[in-house]
Number of protein chains: 2
Amino acid sequence: MEKSTQNGAVKEEQPKSSGDASVCGYDSLHHLLKDNLKPHHYQEVNRLLTGLNCGKPLDTIVLPESATDLSVQHGFDLQAYSFHAEKELLREPRIVRVGLIQNSIALPTTAHFADQKKALFEKVKPIIDAAGSSGVNILCLQEAWMMPFALCTREKRWCEFAEPVDGESTQFLQSFALKYNMVIISPILERDMNHGEVIWNTVVVIGNHGNIIGKHRKNHIPRVGDFNESTYYIEGNTGHPVFETQFGKIGINICYGRHHPLNWLAFGLNGAEIVFNPSATVGELSEPMWSIEARNGAIANSYFVAAINRVGTETFPNAFTSGDGKPAHADFGHFYGSSYVAAPDASCTPSLSRNRDGLLVTDMDLNLCRQVKDKWGFRMTARYELYEETLANYMKSDFEPQIIGDPLLHKKSS
Amino acid sequence: MEKSTQNGAVKEEQPKSSGDASVCGYDSLHHLLKDNLKPHHYQEVNRLLTGLNCGKPLDTIVLPESATDLSVQHGFDLQAYSFHAEKELLREPRIVRVGLIQNSIALPTTAHFADQKKALFEKVKPIIDAAGSSGVNILCLQEAWMMPFALCTREKRWCEFAEPVDGESTQFLQSFALKYNMVIISPILERDMNHGEVIWNTVVVIGNHGNIIGKHRKNHIPRVGDFNESTYYIEGNTGHPVFETQFGKIGINICYGRHHPLNWLAFGLNGAEIVFNPSATVGELSEPMWSIEARNGAIANSYFVAAINRVGTETFPNAFTSGDGKPAHADFGHFYGSSYVAAPDASCTPSLSRNRDGLLVTDMDLNLCRQVKDKWGFRMTARYELYEETLANYMKSDFEPQIIGDPLLHKKSS
């Protein structure tokens with residue numbers, strides 16, 4: 001693990017992000033709570049925070065030694081849980097094993113681009129092997145996993161990392177998909193060779209036979225803090241596809257799309273059973289939202305959500321400003337990891353480490369989606385026709401909001 | 001406080017709801033954490049859970065002795081916080097003081113209906129006085145505050161509690177609105193005298209001069225667990241009105257509507273700066289969702305959300321079943337209180353007690369709404385036209401979801 005802190009280097013440990021300086025070294029919220037609360041208090045806090053039945057934690061899964069050995073050898077966090085669902089009379093359980101990978105970059109951002117990418121391939125390889133040997137059916141990597149998240153710099157040279165959908169990152173992963181009979185979701189920076197070589201923020205969905213099933217492009221593009229990503233690519237043109245894979249129907253809500261309830265909704269309307277949210281986001285900007293939005297997406301849409309965030313602080317060769325009046329700087333904060341999975345019944349896993357690479361494995365019975373739909377009836381009670389009309393009205397230039405004024409508004413108080 | 005536990009009585013303390021038996025007596029999640037974690041750990045947990053800047057808690061407000069005396073005398077929880085917003089150059093701060101009341105019922109459900117209602121009036125009076133003497137500008141009570149939440153019984157006799165919009169509960173509150181120059185939001189069971197005397201689940205918005213500004217009816221009606229409320233009333237016909245009051249533009253998302261992101265959205269599109277969510281919900285059903293949905297509503301729509309839930313266990317004279325195969329029973333669980341306020345910047349207050357009546361007072365600068373809109377740009381990046389089309393397609397009977405199939409789906413794995 002790199003520890004150098006000079007310019008252009010990777011700082012993975014002891015992040016200096018705001019807010020956690022006083023307790024540096026704790027690994028995750030759940031570890032902090034579990035290590036410092038009495039068991040019966042932790043049980044109750046856990047019930048309230050992670051929605052577990054009577055405070056009973058999710059069952060853990062015993063993974064094969066080959067996987068745990070890899071996690072020890074390469075120092076990545078490895079956690080595995082199983083969600084609960086009811087047995088049905090007419091349908092067999094549809095248990096799917098899902099894996100999420102979070103990681104820091106592997107070489108300083110000053111290294112040759114080819115070396116950086118190669119080092120990233122080498123870094124994620126043992127984590128993918130751990131997933132494969134754990135019998136993971138669907139594996140998802142983090143947003144733009146094949147490069148540093150250099151979009152804060154506004155420098156166009158990072159575009160060189162972009163690849164066509166069938167480029168080298170895809171080819172690298174196709175071999176694992178075939179080897180492990182595993183669907184792999186690969187978020188990359190895409191270069192569209194057939195349309196003027198423009199850049200997109202894209203996920204490639206690789207089938208369990210190593211074939212490319214299709215792609216999806218990020219629907220909502222942030223212009224916030226250091227992240228004006230529209231410097232590089234604009235809003236996606238692929239709608240809200242749901243990929244029907246061997247192991248279930250999946251959608252991908254890329255990063256900033258998690259702030260948009262309509263984006264979550266559309267994947268649900270198209271039939272997704274699991275929606276992945278590969279992200280790259282830093283502590284000061286978004287950490288208090290992290291535990292809210294993916295869970296709300298799962299609850300509101302009766303599907304599973306798998307949320308992934310990268311790890312570590314990435315330092316760039318040239319300083320940049322952030323439009324906040326502060327001095328120019330070479331990094332834009334700590335990617336806080338904390339990947340987790342949320343279920344439609346409002347339960348969720350603990351999150352992976354805030355500081356280390358990690359693999360989160362979860363077993364989910366996709367039957368739970370329909371069970372929750374039948375129980376809560378959110379689709380049945382949604383009144384979509386009302387909202388189609390609302391949106392249609394809102395988009396008119398002469399839209400008038402539905403305001404009920406107080407006729408005594410400007411009367412003086414007695 | 002009533003402690004009798006025989007049939008038809010009010011059990012307010014030591015709730016027997018699932019999950020909290022082992023730690024009965026803790027007052028709220030935040031008390032549990034604060035009392036049992038070291039200060040620097042609590043600070044970090046608080047940062048992650050409530051989104052406070054560097055773990056710094058919200059400032060508390062010192063309330064007048066008249067208010068604190070009332071809380072001691074009548075045994076209700078009283079908490080008061082102030083949210084942070086930036087100073088702007090061209091707009092003065094628009095600080096609004098908001099109050100939320102949560103309470104248990106006052107008499108056994110077997111008491112004469114007139115006595116029950118009168119006792120509820122007597123019970124909330126000192127809490128309203130505490131709000132008034134604290135300078136609260138906008139006060140909201142819980143859902144159907146003027147009656148027990150008897151809808152689980154399916155007995156039609158509880159309809160007798162219903163009142164016209166200008167009925168006795170409204171009249172009772174109008175005097176306080178005038179006395180304290182306070183907007184009051186009063187969720188009632190409404191009887192519409194002009195339309196065949198049908199029943200609605202309604203909020204009446206009373207202006208600070210004691211006038212009735214208008215009403216809004218619950219948009220989404222639950223059919224879940226014991227709550228098939230459509231036994232009594234159906235989906236509201238009042239759209240998503242935003243009430244322009246002396247102190248800000250407010251919307252009301254009644255209870256089950258909080259599970260519907262589109263409902264939150266529509267109040268936002270109509271310009272709400274604060275959305276109230278008066279609720280009545282029990283632990284086993286919804287508690288793990290409680291801290292998620294209102295906060296997500298606030299974050300996604302760049303407004304404040306004030307979430308209120310009633311308190312205690314209500315026991316009814318005649319046993320009823322819940323469609324879950326379990327024996328008939330006379331109560332449907334513990335209303336867990338835990339009212340709180342969430343801000344658009346992802347911060348939130350601690351919640352009120354799980355077990356006791358309470359008044360939560362918060363100061364919020366409504367300028368924060370636009371500040372967050374400008375920072376995060378969720379409206380700008382929302383692509384509403386895409387979703388109008390999605391909803392229009394979805395509602396067609398021949399709707400075909402956007403599915404991308406794997407052509408090798410049924411190929412045998414090698």
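**View 1. Strand E14 of chain B is enclosed.** In this predicted model, six of the six residues of strand E14 (residues 304-309) of chain B are buried, so the strand is largely enclosed by the rest of the structure. Both of its faces are covered. Phe304(B), Ala306(B) and Ile308(B) are buried on one side. Val305(B), Ala307(B) and Asn309(B) are buried on the other. In a regular strand, side chains alternate between the two faces of the sheet.

**View 2. Strands E13(B) and E17(B) both pair with E14(B).** Strand E13 (residues 274-279) of chain B pairs with E14(B) in the parallel sense, over six bridges. Here Phe276(B) has Ala306(B) as its bridge partner. Strand E17 (residues 340-342) of chain B runs antiparallel to E14(B), joined by three bridges. Val305(B) has Ala342(B) as its bridge partner in E17(B).

**View 3. A helix takes part in a β-α-β unit.** The unit is made of E13(B), helix H7 (residues 283-301) of chain B and E14(B). It is right-handed.

**View 4. Phe276(B) sits in the largest nonpolar core.** That core has 225 residues. Phe276(B) is among those with the most contacts inside it, as are Ile138(B), Leu139(B) and Leu359(B). Not counting residues up to four places away in sequence, Phe276(B) touches residues including Val98(B), Leu100(B), Ile138(B), Cys140(B) and Ala306(B). In soluble globular proteins, nonpolar side chains tend to be buried together.

**View 5. An annotated span in chain A.** An unreviewed UniProt entry annotates residues 96-366 of chain A as "domain: CN hydrolase". The end C-alpha atoms of this span lie 7 Å apart. The span is 23% helix and 33% strand.

Methods
Residues numbered from 1 in each chain as written. Chains lettered and ligands numbered in written order. Predicted model: local features only at pLDDT ≥ 70, side-chain atom pairs only at ≥ 80, totals over all residues. Heavy atoms only, no water. Buried < 20%, exposed > 50% of the residue type's maximum accessible area, 1.4 Å probe, protein only. Helix = DSSP H or I, 4+ residues; strand = E, 2+ residues; numbered from the N terminus. Pairing = 2+ DSSP bridges. Right-handed = clockwise from strand over helix to strand, strands pointing away. Core = buried A, V, L, I, M, F, W, Y, C linked by side-chain atoms within 4.5 Å. Contact = heavy atoms within 4.5 Å. UniProt positions renumbered as here; feature names shortened; annotations may be inferred.
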